[in-house]
Amino acid sequence: QDGISLIQTADGAMQEIHAILQRMNQLAVQAASGTYNDEDRLHLQNEFDQLSSEIDNIALTTKFNNILLFDGSFSRDIQTGTDASSVLNITIGDMTKEKLFSTDGGAGIGITGASVTPNMINGDYIVRVSKDVDNDFFIDVTGWVFNQFGRKVNASESSLSVNRVDGQLYTLTVNFDYNSLQEGQVVVRVNNGTATILQPFEVSINTLQNAQSSIAKIQNAINIVSAERARLGAYQNRLEHTLNNVQNYAENLTASESRIRDADMAKEMAELTRNQILAEAGTAMLAQANALPQNILKLL
(Lines give C-alpha, C1' and ligand atoms only; values in the text may rest on other atoms or scores of the structure.)
Protein backbone atom coordinates (compact mmCIF):
# COMPACT_ATOMS: atom_id res chain seq x y z
CA GLN A 1 0.00 0.00 0.00
CA ASP A 2 2.90 2.36 0.73
CA GLY A 3 4.38 1.54 -2.67
CA ILE A 4 1.07 2.31 -4.37
CA SER A 5 0.85 5.62 -2.48
CA LEU A 6 4.36 6.52 -3.62
CA ILE A 7 3.50 5.79 -7.26
CA GLN A 8 0.27 7.79 -7.02
CA THR A 9 2.22 10.74 -5.60
CA ALA A 10 4.72 10.57 -8.46
CA ASP A 11 2.02 10.21 -11.10
CA GLY A 12 0.10 13.17 -9.71
CA ALA A 13 3.18 15.37 -10.07
CA MET A 14 3.88 14.08 -13.58
CA GLN A 15 0.29 14.80 -14.53
CA GLU A 16 1.01 18.47 -13.82
CA ILE A 17 4.27 18.31 -15.80
CA HIS A 18 2.26 16.76 -18.62
CA ALA A 19 -0.26 19.60 -18.51
CA ILE A 20 2.57 22.17 -18.50
CA LEU A 21 4.17 20.58 -21.56
CA GLN A 22 0.85 20.58 -23.38
CA ARG A 23 0.47 24.30 -22.69
CA MET A 24 4.08 24.94 -23.79
CA ASN A 25 3.32 23.05 -26.98
CA GLN A 26 0.32 25.29 -27.61
CA LEU A 27 2.45 28.39 -27.11
CA ALA A 28 5.18 27.06 -29.41
CA VAL A 29 2.66 26.30 -32.15
CA GLN A 30 1.21 29.79 -31.78
CA ALA A 31 4.65 31.41 -31.91
CA ALA A 32 5.58 29.33 -34.98
CA SER A 33 2.69 30.85 -36.91
CA GLY A 34 3.42 33.64 -39.37
CA THR A 35 0.46 35.62 -38.03
CA TYR A 36 2.53 36.61 -34.98
CA ASN A 37 5.32 39.17 -34.92
CA ASP A 38 8.42 39.12 -32.69
CA GLU A 39 6.78 41.39 -30.12
CA ASP A 40 3.91 38.94 -29.78
CA ARG A 41 6.41 36.12 -29.38
CA LEU A 42 8.18 37.96 -26.57
CA HIS A 43 4.88 38.15 -24.69
CA LEU A 44 4.35 34.43 -25.26
CA GLN A 45 7.92 33.80 -24.12
CA ASN A 46 7.12 35.26 -20.68
CA GLU A 47 4.56 32.54 -19.96
CA PHE A 48 6.76 29.96 -21.69
CA ASP A 49 9.69 30.74 -19.34
CA GLN A 50 7.51 30.53 -16.24
CA LEU A 51 6.10 27.17 -17.30
CA SER A 52 9.60 25.88 -18.04
CA SER A 53 10.78 26.95 -14.58
CA GLU A 54 7.79 25.28 -12.96
CA ILE A 55 8.80 21.94 -14.50
CA ASP A 56 12.07 22.13 -12.55
CA ASN A 57 10.25 23.33 -9.44
CA ILE A 58 8.00 20.25 -9.51
CA ALA A 59 10.85 17.90 -10.41
CA LEU A 60 13.19 19.13 -7.67
CA THR A 61 10.69 19.53 -4.82
CA THR A 62 8.31 16.57 -5.16
CA LYS A 63 9.04 14.16 -2.32
CA PHE A 64 7.54 11.10 -0.68
CA ASN A 65 8.54 10.63 2.95
CA ASN A 66 11.20 13.30 2.34
CA ILE A 67 12.66 11.29 -0.57
CA LEU A 68 13.13 13.16 -3.86
CA LEU A 69 11.31 11.39 -6.68
CA PHE A 70 12.36 13.13 -9.90
CA ASP A 71 16.03 14.07 -9.55
CA GLY A 72 17.10 10.94 -11.44
CA SER A 73 18.43 9.10 -8.41
CA PHE A 74 15.25 7.34 -7.26
CA SER A 75 15.59 3.57 -7.23
CA ARG A 76 14.00 1.73 -4.30
CA ASP A 77 12.94 -1.83 -3.50
CA ILE A 78 9.33 -2.22 -2.34
CA GLN A 79 8.93 -5.19 0.00
CA THR A 80 5.98 -7.25 -1.26
CA GLY A 81 6.25 -10.33 0.94
CA THR A 82 7.85 -11.83 4.01
CA ASP A 83 10.77 -13.31 2.08
CA ALA A 84 13.86 -11.20 1.52
CA SER A 85 13.58 -11.87 -2.21
CA SER A 86 9.96 -10.68 -2.40
CA VAL A 87 10.72 -7.18 -3.64
CA LEU A 88 9.76 -4.98 -6.56
CA ASN A 89 12.37 -2.47 -7.68
CA ILE A 90 10.87 0.86 -8.68
CA THR A 91 12.87 3.47 -10.56
CA ILE A 92 11.65 6.90 -11.58
CA GLY A 93 13.36 8.89 -14.31
CA ASP A 94 14.70 12.42 -14.17
CA MET A 95 11.92 14.88 -14.95
CA THR A 96 13.97 18.10 -14.92
CA LYS A 97 13.75 20.28 -18.01
CA GLU A 98 17.40 19.52 -18.87
CA LYS A 99 16.56 15.85 -19.29
CA LEU A 100 13.20 16.39 -20.93
CA PHE A 101 14.49 18.76 -23.60
CA SER A 102 17.88 17.14 -24.27
CA THR A 103 18.42 14.86 -27.25
CA ASP A 104 21.38 12.73 -28.27
CA GLY A 105 23.91 14.19 -30.65
CA GLY A 106 25.91 17.38 -30.92
CA ALA A 107 25.33 18.56 -34.47
CA GLY A 108 26.02 22.24 -34.96
CA ILE A 109 27.77 22.65 -31.62
CA GLY A 110 31.23 21.83 -32.87
CA ILE A 111 31.60 18.74 -30.66
CA THR A 112 33.58 15.81 -32.04
CA GLY A 113 33.46 13.47 -29.04
CA ALA A 114 33.88 13.15 -25.31
CA SER A 115 35.75 11.05 -22.79
CA VAL A 116 36.15 11.00 -19.03
CA THR A 117 38.74 9.84 -16.56
CA PRO A 118 37.99 6.57 -14.70
CA ASN A 119 37.32 8.39 -11.41
CA MET A 120 34.89 10.87 -12.90
CA ILE A 121 31.64 11.14 -10.94
CA ASN A 122 28.57 10.02 -12.84
CA GLY A 123 26.20 12.82 -13.69
CA ASP A 124 25.47 15.55 -16.20
CA TYR A 125 27.82 18.45 -16.82
CA ILE A 126 26.72 21.47 -18.81
CA VAL A 127 29.32 22.79 -21.22
CA ARG A 128 28.68 26.34 -22.36
CA VAL A 129 30.44 27.74 -25.40
CA SER A 130 30.56 31.54 -25.67
CA LYS A 131 32.67 34.34 -27.13
CA ASP A 132 34.28 37.34 -25.49
CA VAL A 133 34.70 40.80 -27.00
CA ASP A 134 37.75 39.60 -28.91
CA ASN A 135 35.75 36.73 -30.44
CA ASP A 136 37.80 34.22 -28.43
CA PHE A 137 35.83 31.20 -27.31
CA PHE A 138 35.23 30.44 -23.67
CA ILE A 139 34.05 27.10 -22.31
CA ASP A 140 32.23 27.00 -19.00
CA VAL A 141 31.58 23.72 -17.22
CA THR A 142 28.84 23.68 -14.63
CA GLY A 143 27.92 20.60 -12.61
CA TRP A 144 25.90 20.01 -9.50
CA VAL A 145 29.02 18.96 -7.56
CA PHE A 146 31.34 21.44 -9.21
CA ASN A 147 32.26 25.06 -8.76
CA GLN A 148 31.43 27.05 -11.86
CA PHE A 149 34.43 28.31 -13.76
CA GLY A 150 35.35 29.62 -17.19
CA ARG A 151 38.57 29.60 -19.15
CA LYS A 152 39.76 30.54 -22.60
CA VAL A 153 40.59 27.68 -24.95
CA ASN A 154 42.62 27.47 -28.12
CA ALA A 155 42.84 24.98 -30.96
CA SER A 156 45.15 22.59 -29.12
CA GLU A 157 43.44 22.63 -25.74
CA SER A 158 40.56 20.33 -24.92
CA SER A 159 41.17 18.99 -21.40
CA LEU A 160 39.22 20.87 -18.73
CA SER A 161 40.04 20.30 -15.05
CA VAL A 162 37.43 21.06 -12.43
CA ASN A 163 37.60 21.06 -8.65
CA ARG A 164 35.01 19.26 -6.62
CA VAL A 165 33.51 21.01 -3.63
CA ASP A 166 35.38 18.73 -1.22
CA GLY A 167 38.69 19.65 -2.82
CA GLN A 168 39.32 16.48 -4.80
CA LEU A 169 40.34 17.01 -8.40
CA TYR A 170 38.51 15.37 -11.28
CA THR A 171 39.00 15.89 -14.97
CA LEU A 172 36.34 16.26 -17.62
CA THR A 173 37.73 15.87 -21.13
CA VAL A 174 35.64 17.10 -24.03
CA ASN A 175 37.14 17.03 -27.53
CA PHE A 176 36.17 20.18 -29.42
CA ASP A 177 36.71 20.91 -33.05
CA TYR A 178 37.92 24.45 -32.53
CA ASN A 179 37.44 25.48 -36.16
CA SER A 180 33.71 24.69 -36.01
CA LEU A 181 32.96 25.92 -32.50
CA GLN A 182 29.70 27.80 -32.22
CA GLU A 183 28.10 29.65 -29.36
CA GLY A 184 25.63 27.58 -27.42
CA GLN A 185 25.66 24.86 -24.84
CA VAL A 186 25.73 21.11 -24.64
CA VAL A 187 25.24 18.61 -21.86
CA VAL A 188 27.87 15.95 -21.26
CA ARG A 189 26.22 12.94 -19.61
CA VAL A 190 28.81 10.91 -17.70
CA ASN A 191 27.93 7.30 -16.89
CA ASN A 192 30.38 4.61 -15.75
CA GLY A 193 33.43 6.08 -17.42
CA THR A 194 31.76 6.95 -20.73
CA ALA A 195 30.33 10.25 -21.88
CA THR A 196 27.48 11.13 -24.21
CA ILE A 197 27.08 14.52 -25.84
CA LEU A 198 23.58 15.97 -25.65
CA GLN A 199 22.19 18.86 -27.60
CA PRO A 200 21.24 22.10 -25.83
CA PHE A 201 18.27 21.59 -23.55
CA GLU A 202 16.95 25.12 -23.66
CA VAL A 203 13.83 25.80 -25.67
CA SER A 204 12.43 29.19 -26.55
CA ILE A 205 9.78 30.74 -28.75
CA ASN A 206 11.08 34.31 -28.95
CA THR A 207 11.73 33.98 -32.69
CA LEU A 208 9.99 32.12 -35.49
CA GLN A 209 12.97 29.80 -35.97
CA ASN A 210 13.29 29.00 -32.26
CA ALA A 211 9.57 28.33 -31.98
CA GLN A 212 9.65 25.94 -34.92
CA SER A 213 12.64 24.03 -33.51
CA SER A 214 11.11 23.92 -30.02
CA ILE A 215 7.96 22.10 -31.16
CA ALA A 216 9.84 18.85 -31.80
CA LYS A 217 11.69 19.09 -28.46
CA ILE A 218 8.45 19.66 -26.57
CA GLN A 219 6.80 16.74 -28.35
CA ASN A 220 9.77 14.57 -27.41
CA ALA A 221 9.45 15.71 -23.77
CA ILE A 222 5.74 14.82 -23.81
CA ASN A 223 6.65 11.35 -25.09
CA ILE A 224 9.21 10.94 -22.29
CA VAL A 225 6.68 11.87 -19.60
CA SER A 226 4.00 9.65 -21.19
CA ALA A 227 6.36 6.67 -21.24
CA GLU A 228 7.34 7.26 -17.61
CA ARG A 229 3.71 7.51 -16.51
CA ALA A 230 2.90 4.30 -18.41
CA ARG A 231 5.75 2.53 -16.60
CA LEU A 232 4.54 3.80 -13.22
CA GLY A 233 1.02 2.66 -14.09
CA ALA A 234 2.39 -0.81 -14.79
CA TYR A 235 4.14 -0.77 -11.40
CA GLN A 236 0.91 0.26 -9.68
CA ASN A 237 -1.17 -2.43 -11.41
CA ARG A 238 1.34 -5.06 -10.38
CA LEU A 239 1.39 -3.86 -6.77
CA GLU A 240 -2.41 -3.85 -6.64
CA HIS A 241 -2.51 -7.46 -7.81
CA THR A 242 0.23 -8.29 -5.31
CA LEU A 243 -1.82 -6.67 -2.55
CA ASN A 244 -4.95 -8.60 -3.53
CA ASN A 245 -3.00 -11.85 -3.60
CA VAL A 246 -1.52 -11.20 -0.15
CA GLN A 247 -4.95 -10.38 1.27
CA ASN A 248 -6.47 -13.56 -0.21
CA TYR A 249 -3.51 -15.55 1.05
CA ALA A 250 -3.95 -14.21 4.58
CA GLU A 251 -7.72 -14.84 4.51
CA ASN A 252 -7.34 -18.42 3.30
CA LEU A 253 -4.64 -19.15 5.87
CA THR A 254 -6.90 -17.84 8.63
CA ALA A 255 -9.75 -20.07 7.39
CA SER A 256 -7.40 -23.07 7.33
CA GLU A 257 -6.27 -22.38 10.87
CA SER A 258 -9.85 -21.99 12.11
CA ARG A 259 -10.75 -25.43 10.77
CA ILE A 260 -7.97 -26.88 12.91
CA ARG A 261 -8.04 -24.68 15.97
CA ASP A 262 -11.55 -23.20 16.36
CA ALA A 263 -14.54 -24.96 18.00
CA ASP A 264 -17.35 -26.79 16.11
CA MET A 265 -20.13 -24.32 16.93
CA ALA A 266 -23.02 -26.73 16.26
CA LYS A 267 -21.54 -29.42 18.46
CA GLU A 268 -20.65 -27.00 21.23
CA MET A 269 -24.12 -25.38 21.19
CA ALA A 270 -25.75 -28.83 21.52
CA GLU A 271 -23.45 -29.62 24.45
CA LEU A 272 -24.29 -26.27 26.06
CA THR A 273 -28.03 -26.92 25.70
CA ARG A 274 -27.64 -30.42 27.23
CA ASN A 275 -25.77 -29.01 30.21
CA GLN A 276 -28.34 -26.26 30.69
CA ILE A 277 -31.17 -28.87 30.72
CA LEU A 278 -29.32 -30.98 33.27
CA ALA A 279 -28.67 -27.94 35.46
CA GLU A 280 -32.32 -26.88 35.29
CA ALA A 281 -33.51 -30.42 36.09
CA GLY A 282 -31.27 -30.53 39.15
CA THR A 283 -32.54 -27.16 40.28
CA ALA A 284 -36.19 -28.35 39.89
CA MET A 285 -35.45 -31.48 41.91
CA LEU A 286 -33.91 -29.45 44.75
CA ALA A 287 -36.87 -27.07 44.72
CA GLN A 288 -39.28 -30.03 44.99
CA ALA A 289 -37.27 -31.55 47.85
CA ASN A 290 -37.25 -28.24 49.74
CA ALA A 291 -41.03 -27.83 49.31
CA LEU A 292 -41.95 -30.85 51.50
CA PRO A 293 -40.20 -29.60 54.71
CA GLN A 294 -41.79 -26.19 54.17
CA ASN A 295 -45.28 -27.77 54.08
CA ILE A 296 -44.60 -29.69 57.31
CA LEU A 297 -43.43 -26.46 58.99
CA LYS A 298 -46.67 -24.76 57.95
CA LEU A 299 -48.72 -27.61 59.50
CA LEU A 300 -46.78 -27.38 62.76
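Is Glu 271 buried, partly exposed or exposed? Glu 271 is partly exposed, with a relative accessible area of 36%; here buried means under 20% relative accessible area, exposed over 50%, and partly exposed in between (1.4 Å probe, protein chains only).

1. Basis of the note. The structure is a predicted model, in which local features need pLDDT of at least 70 and side-chain atom pairs count only at pLDDT 80 or more, whereas totals for chains, interfaces and linings use all residues. Residues are numbered from 1 along each chain as its sequence is written, and side-chain values use heavy atoms, with hydrogens and water left out.

2. Overall make-up. The protein has five helices and twelve strands; these are DSSP runs numbered from the N terminus, helices being H or I of at least four residues and strands E of at least two. Of its 300 residues, 33% count as buried. The accessible surface comes to about 17800 Å², with 50% of it belonging to carbon and sulfur atoms; areas come from the Shrake-Rupley method with a 1.4 Å probe, and for residues only the protein chains shown count as cover.

3. Contacts along the chain. Among contacts in the protein with a separation of 6 or more, 63% are accounted for by residues 24 or more positions apart. Contact means heavy atoms within 4.5 Å.

4. The largest nonpolar core. This core has 41 residues, and those with the most contacts inside it are Leu 21, Met 24, Phe 70, Ile 90 and Ile 92. A nonpolar core is a set of buried Ala, Val, Leu, Ile, Met, Phe, Trp, Tyr and Cys residues joined through side-chain atoms within 4.5 Å. At least two residues of this core are supplied by each of α1, α2, β4 (87–91) and α4, and the largest share, 13 residues, comes from α1. Leaving aside neighbours within four places in sequence, Leu 21 is in contact with Ile 55, Leu 100, Phe 101, Ile 218, Ala 221, Ile 222 and Val 225. Apart from this core lies another, of eight residues, including Tyr 125, Val 127, Ile 139 and Ala 195. In soluble globular proteins, nonpolar side chains tend to be buried together.

5. The structure holds six salt bridges, each being a side-chain nitrogen of Lys or Arg within 4 Å of a carboxyl oxygen of Asp or Glu. One of them joins Arg 229 to Asp 11, with the closest N and O atoms 3.0 Å apart. This pair links distant parts of the chain, since Arg 229 lies in helix α4 (residues 208–261) and Asp 11 in helix α1 (residues 2–31), 218 residues apart. Arg 229 counts as partly exposed, at 23% relative accessibility. Glu 47 and Arg 23 also meet in a salt bridge (2.9 Å, N to O). Here Glu 47 in helix α2 (residues 38–61) is linked with Arg 23 in helix α1, 24 residues apart. Both are partly exposed, Glu 47 at 32% and Arg 23 at 30%.

6. Helix α5. Arg 274 and Glu 271 form a salt bridge (3.4 Å, N to O). Because they are three residues apart in helix α5 (residues 265–299), about one helical turn separates them. Arg 274 is partly exposed, at 48% relative accessibility.

7. A nonpolar surface patch. Met 265, Met 269 and Leu 272 make a nonpolar surface patch of about 310 Å². Patches are made of residues with over 30% relative accessible area and no salt bridge, like charges being joined within 9 Å and nonpolar side chains (Val, Leu, Ile, Met, Phe, Trp, Tyr) within 5 Å. Met 265 lies in helix α5 and counts as exposed, at 55% relative accessibility.
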